Amino acid sequence: MALDIKVGDTVTLKKKHPCGGFEFKLIRVGAECKGECCKCGGIIEMPRRRFEVSIKSINNF
């Protein structure tokens, strides 16, 4: 079952970004998910299935 994630949510991932940040703000959600690193502003993009597996927690603001 798909997680209830939406654009604007901040998620904490299991693996860190090369800059050392773990938190990403979602900027696109669909078959591909795109997130912006909250520490450096870098963009990551991966298939939704892989993205959902790598989520540690969801912070809805």
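Where is the place of Ser54? In this predicted model, Ser54 sits in the loop between α1 (48-53) and β5 (55-59). Helices (H or I, at least four residues) and strands (E, at least two) are DSSP runs, numbered from the N terminus.

**View 1. Ser54 and its surroundings.** Ser54 is buried, at 19% relative accessible area (buried: under 20%, 1.4 Å probe, protein chains only). A polar atom of its side chain lies 2.9 Å from the backbone oxygen of Phe51. Not counting residues up to four places away in sequence, Ser54 touches Thr12, Leu13, Lys14 and Met46 (contact: heavy atoms within 4.5 Å).

**View 2. The largest nonpolar core.** This core has 11 residues, among them Ile5, Leu13, Met46, Phe51 and Ile55. A nonpolar core is a set of buried Ala, Val, Leu, Ile, Met, Phe, Trp, Tyr and Cys residues joined through side-chain atoms within 4.5 Å. Ile5 is in contact with Leu26, Val29, Cys33, Arg48, Phe51, Ile55 and Ile58, leaving aside neighbours within four places in sequence.

**View 3. Residues lining the largest pocket.** The lining includes Lys14, His17, Pro18, Arg50 and Ser54. A pocket is an open set of points on a 1 Å grid over the protein atoms alone, where a 1.4 Å probe fits, with protein on both sides within 12 Å along at least five of seven lines; lining residues have an atom within 4 Å of a point.

**Notes.** Residues are numbered from 1 along each chain as its sequence is written, and side-chain values use heavy atoms, without hydrogens and water. In this predicted model, local features need pLDDT of at least 70 and side-chain atom pairs count only at pLDDT 80 or more, while totals for chains, interfaces and linings use all residues.

Notes
Buried means under 20% relative accessible area, exposed over 50%, partly exposed in between (1.4 Å probe, protein chains only). A polar contact is a pair of N or O atoms within 3.5 Å; within protein, one must be able to donate a hydrogen and the other to accept it, and residues adjacent in sequence count only if both atoms are side-chain atoms.
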